[in-house]
Number of protein chains: 2
Amino acid sequence: MSKLVSMGQNAKEASYELGISSTKEKDTALIFMAEELIKAKEDIVKANEIDLEAARIKGTSEAMLDRLALNYERIESMADGLKDVVKLQDPIGEVISMWQRPNGLQIGQKRVPLGVIGIIYEARPNVTCDAAGLCLKTGNAVILRGGSEAINSNKAVVNALVKGIERAGLPKGCVQLVEDTTREVATEMMKLNEFIDVLIPRGGAGLIQSVLKNATVPVIETGTGNCHIYVDEDCDFEMAKNIAVNAKASRPSVCNAAEKLLVNEKIANIFLPIVVKELRENGVAVRGDEAAQAIIDDLEKTNEEDWGKEYLDYIMAVKIVKDVDEAINHINKYGTGHSEAIITESYKNSQKFLQKVDAAAVYVNASTRFTDGSEFGFGAEIGISTQKLHARGPMGLKELTTIKYIIYGNGQIR
Amino acid sequence: MSKLVSMGQNAKEASYELGISSTKEKDTALIFMAEELIKAKEDIVKANEIDLEAARIKGTSEAMLDRLALNYERIESMADGLKDVVKLQDPIGEVISMWQRPNGLQIGQKRVPLGVIGIIYEARPNVTCDAAGLCLKTGNAVILRGGSEAINSNKAVVNALVKGIERAGLPKGCVQLVEDTTREVATEMMKLNEFIDVLIPRGGAGLIQSVLKNATVPVIETGTGNCHIYVDEDCDFEMAKNIAVNAKASRPSVCNAAEKLLVNEKIANIFLPIVVKELRENGVAVRGDEAAQAIIDDLEKTNEEDWGKEYLDYIMAVKIVKDVDEAINHINKYGTGHSEAIITESYKNSQKFLQKVDAAAVYVNASTRFTDGSEFGFGAEIGISTQKLHARGPMGLKELTTIKYIIYGNGQIR
């Protein structure tokens, strides 16, 4: 039996026990996990230094090193994150609805944990702690497979978390880390249907595509965001400018940042110079199609490839469109189904956009940057789903659950 | 561009139009589809005869030939099925909840179609019509890929359905049939992520496993049912006997039929002879483990393989268990997560069973045969999900939908 299969068995067994634990038991475990994390902060930082040193030798970029780095402050913030999860309402056990059939059967839909969740992610060790906390609160055992760059940090973090879990009297199989970070083991994990109920990849497009392509375990696709802001003919230019700049420049590296600006041709002459100036002042390199270049001649030219791209950088491409219909068609053709916004004063066009755009989150007169678990009021988030099955948009605690039909009879046969 | 890609594009385009059609438009289409089906009944029967003749030459079993056969009565029943779908409530457009954030953003969860659904199924041409009707009502375009055995029947059925769809003014891309029934095209369909949102396989375990293994499109796994009846120590023997016999013998070929009977050792001596006699009188060949054989010596012996098997036949295997805990562990180890029942008068054991058994439908004192869309009151059913993602148990119209966040702002930036 492979190591992973034995981890799968442990997780499955732990999930049965964890799945019927009370909210109080789970919350106690979360508090103990936070405490153990703080107690272990020296060990964690030491382990993290080994990872950082290895990464430096490999010539890792400063931005990546920063993502990987842990210090006391960051560890404390991880621990605070666990304590925040305690405050969230436990979704497990809720009977969403119950009805009686003519034959007297009472049929109820009860919210239960998914069971065992697999998470495959990259170099950020804080994901280890966040994911473990959210899975534990929702009664799910979790198998974590982080990137090789963070393996020592992840081991130290999981070590501490498991101490807290055991101290609370829950099985240590609730949170497990795959220590063998080879590709082969990751692929094995993607096919572990017998033990893993759901797989959530978190990371760049390459990782997600690889999981989608190889997994036989059901996957929730997260995160790719080629988001658009469409500026309609009749709109408040100041609002449109502020939203476009915020959606692009407030944090270009995240999936809810806008990558494309679609501008109605009837206002392009006036609006484009205003918005491009402000974007440039915020450090954004603006690209444009021919029509946009005809208005601002020093825009870098776009090509067909631009329209499907997620830059995740200080780059924004502008396209001039005839009307709201062309904007909607363009978005449905090139978008990734993440977050899309229209800036308009037209009631008709706002309703058309909301109805016809096929995306997880569709905005009228607001920045796409709000597509986020906390901003939506979910308290926490395990990722943003861009697929339509099971969960769409920010995934909070409820999205880590499934239902089970419970049926009370008194001898009914069919 | 392959034929399938062009079908995918047609489906995607049709789905945008169908997805925002009113309930009235969709219901009109369903009625016209039913009418066209009746009008075409001679053509359909002729086409079906070609399929039947080819199947006979191949030496197909009588049971399979019966599944494949269409006559006027069956076509009328398909048409009636479409008219029944008209009566069901349209789930699309419902705003499930809407809330306001402190910054004034109004965030709503709106129920919308999945988009394009792919259905891969075997030799029953009535699935063609049922699936088309349910998808149309829920605003989803559908790409149907039936078995090669039924290709002529399916073509004739889809022909008629599309006439009805076009007469109602909806695009013909709403319902399309993959006419090339080679394995290569099926595999291409399983990877058509750009155009197909969800894939639902309907058929035997071989088909479902092949789809799970090859698909990159999100899949809803349906149908395998290794269901158990556990007869607890303290129970009404008459009820237990009736439920066991009903769950096995009322229709052994369906997924909600029970395959295994677990009997508490404290009552096995008395109960087993009663139930085995009745099962045998209903044509069931009963197998048993050693402990069961010690009570009834002419039971065929079970081996380890039996416990994981879905017989779909007049066969039932009996295992004697120590208590409810052993029953639960056995079910969670060997079950397929479909339907499981306990027969008991013990409040404690009923609650334990409901809570700990990990399956789509868990019953107290009722037959597993009720796991069915109509029996649950959903009116219709596209299949029974045995996975935990998105849908679990009988899938009605709601399970063919997803949600979209609609967000009303007035200039909010982050």
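**Exercise 1.** In this predicted model, which residues do ring pairs link into a cluster with W99(A)?

*Solution.* Start at W99(A). Ring pairs link W99(A) with Y405(A), F376(B) and F378(B). Together they form a cluster.

**Exercise 2.** How many aromatic pairs does the structure hold over all chains? Then classify the pair of F376(A) and Y405(B).

*Solution.* Begin with the total: 13 aromatic pairs over all chains. Now take F376(A) and Y405(B). Next, locate the two partners. F376(A) belongs to helix α15 (residues 373-376) of chain A, while Y405(B) lies in strand β16 (residues 401-412) of chain B. The pair therefore crosses between chains.

**Exercise 3.** Are F376(A) and Y405(B) buried or exposed? Why does Y405(B) get its label?

*Solution.* Both F376(A) and Y405(B) are buried. For Y405(B), check the relative accessibility: it is 0%. Buried means under 20%, so Y405(B) counts as buried.

**Exercise 4.** Classify the pair of F378(A) and Y405(B).

*Solution.* The centres of F378(A) and Y405(B) lie 6.3 Å apart, with 55° between the planes. That makes the pair tilted. F378(A) sits in the loop between α15 and β14 (383-385) of chain A. Y405(B) is in strand β16 of chain B, and this pair crosses between chains.

**Exercise 5.** Over which rings do the charged ends of K260(A) and K319(A) sit?

*Solution.* Take K260(A): its charged end sits over the ring of Y311(A), 5.0 Å from the centre. For K319(A), the ring belongs to W307(A), and the distance to its centre is 5.4 Å.

Conventions
Residues are numbered from 1 along each chain as its sequence is written. Chains are lettered from A and ligands numbered from 1 in the order in which they are written. This is a predicted model: local features need pLDDT of at least 70, side-chain atom pairs count only at pLDDT 80 or more; totals for chains, interfaces and linings use all residues. Side-chain values use heavy atoms; hydrogens and water are left out. Rings of Phe, Tyr and Trp (its six-membered ring) pair if their centres lie within 6.5 Å; planes under 30 degrees apart count as stacked, over 60 as edge-to-face and the rest as tilted. Helices (H or I, at least four residues) and strands (E, at least two) are DSSP runs, numbered from the N terminus. Buried means under 20% relative accessible area, exposed over 50%, partly exposed in between (1.4 Å probe, protein chains only). A charge sits over a ring if NZ of Lys or CZ of Arg is within 6 Å of the ring centre and within 35 degrees of the ring normal.
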